[in-house]
Amino acid sequence: MNTTSSLSNPLFTVSDIPVYVTRKAIKNLHLGVYPPDGQVRVSAPEHFSTDNIRLAVVTRLKWIKTQQQRFQQQPRQSLREMVSGESHYLWGTRYRLEVVYQSGKHQIAPRGEFLHLSVTPGTSTANRERLLHDYYRQQLKQRIPVLLEKWQPRIGKQVTDWGIKRMKTKWGSCNITEQRIWLNLELAKKSPECLEYVLIHELAHLLERQHNANFTALMDEFLPQWRSLRGQLNAEYLSAEVW
């Protein structure tokens, strides 16, 4: 009988690497290595046996280890305490946080080399962080519609809806059936070009579901420098998330 692992329980291990498997009504097996820690996840056709899946993983073991090593070598920010002097990023630029306690409406805005955060005395760390996340969300909501207006006509596909959320393992996702895309809140920290790359990537999935030669050709057509942007995105700082 076929079994499927959950995200908390791997189906099996290969060379001491846990492998998490989900069986779906798809034609081909898809294997991915995901940040931040290089978790190996497989989406497999429902009729694939565990031995079939294990063999597919073994044949790509060298590639898996290369990807995991890349994630391990990425620089990471320490946990944020939302206090003055901390480094925070907005559109690829590093700012020093400046926390000012005063009465009135909470506000956050870049000022020179500082990210100025004005809050009332006693505001908790969690609420200060929530303000920053809300600010990132606002920034993305300003840019995403402009990019959609630019790229949807070029790609020839329209999304029915889009959204922003915090994601641990993906920069973006696309629900092809519902034609909806999600973008990671973390993209507000990266360069605007990285946001554009991820959005184009997800829109391209409306033309090609798989990461195959056809998908690569589409990306080459729409954004010839996409490989460079992918490398830039993966090389920049990752947050030390604990949620």
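This report describes a predicted model of one protein chain, from its overall make-up to a few individual residues.

## The chain as a whole

The predicted chain has 243 residues, of which 41% count as buried, and its secondary structure is made up of 6 helices and 11 strands. Among the contacts in the chain with a separation of 6 or more, 46% are accounted for by residues 24 or more positions apart.

In soluble globular proteins, nonpolar side chains tend to be buried together. In this model the largest nonpolar core has 44 residues, and those with the most contacts inside it are Leu140, Ile144, Leu187, Leu195, Tyr197, Leu199 and Leu203. The elements that each supply two or more residues to this core are strand 6 (93-101), strand 8 (114-119), helix 3, strand 11 (180-184), helix 4, helix 5 and helix 6. Helix 3 gives the most, with 9 residues.

Leu203, one of the core residues with the most contacts, touches Leu148, Trp151, Gln152, Ile155 and Val159 when residues up to four places away in sequence are not counted. A second, separate core of 15 residues includes Ile17, Ile53, Leu61 and Ile64.

Gln152 has its place in helix 3, which covers residues 125-155. Its relative accessibility is 9%, and because a residue under 20% is classed as buried, Gln152 counts as buried.

Leaving aside residues up to four places away in sequence, Gln152 touches Lys157, Gln158, Val159 and Leu203. With Val159 there is also a polar approach, in which a polar atom of the Gln152 side chain lies 2.9 Å from the backbone nitrogen of Val159.

## The largest pocket

Rolling a probe the size of a water molecule over the atoms shows where empty space is left. The largest pocket in the model holds about 1,800 Å³ of space. It is lined by 49 residues, and the closest to its centre are Tyr34, Lys170, His201, His205 and His211. Two or more lining residues come from each of strand 2 (17-24), strand 3 (30-34), strand 4 (39-45), helix 2 (61-73), strand 10 (172-175), helix 4 (192-204), helix 5 (213-222) and helix 6 (226-235).

Strand 3 gives the most to this lining, with 5 residues. Sorted by class, the lining of the largest pocket has 21 nonpolar, 19 polar and 9 charged residues.

## Two residues in loops

Glu86 lies in the loop between helix 2 and strand 5, the latter covering residues 87-90. Its relative accessible area is 11%, which means that Glu86 is buried, the cut-off being under 20%. The side chain of Glu86 reaches the backbone nitrogen of Glu81 at 2.4 Å, and a polar contact of 3.0 Å joins the side chains of Glu86 and His88.

Arg209 lies in another loop, the one between helix 4 and helix 5. Arg209 and Asn175 are 34 residues apart in sequence, while their C-alpha atoms are 9.7 Å apart in space.

Key: Residues are numbered from 1 along each chain as its sequence is written. This is a predicted model: local features need pLDDT of at least 70, side-chain atom pairs count only at pLDDT 80 or more; totals for chains, interfaces and linings use all residues. Side-chain values use heavy atoms; hydrogens and water are left out. Helices (H or I, at least four residues) and strands (E, at least two) are DSSP runs, numbered from the N terminus. Buried means under 20% relative accessible area, exposed over 50%, partly exposed in between (1.4 Å probe, protein chains only). A polar contact is a pair of N or O atoms within 3.5 Å; within protein, one must be able to donate a hydrogen and the other to accept it, and residues adjacent in sequence count only if both atoms are side-chain atoms. Contact means heavy atoms within 4.5 Å. On a 1 Å grid over the protein atoms alone, a cavity is a set of points where a 1.4 Å probe fits but cannot get out, and a pocket is an open set with protein on both sides within 12 Å along at least five of seven lines; lining residues have an atom within 4 Å of a point. Grid points are joined across faces, edges and corners, and a volume is the space filled by probe spheres set on the points. Ala, Val, Leu, Ile, Met, Phe, Trp, Tyr, Cys and Pro count as nonpolar, Asp, Glu, Lys and Arg as charged, and the others, Gly among them, as polar. A nonpolar core is a set of buried Ala, Val, Leu, Ile, Met, Phe, Trp, Tyr and Cys residues joined through side-chain atoms within 4.5 Å.
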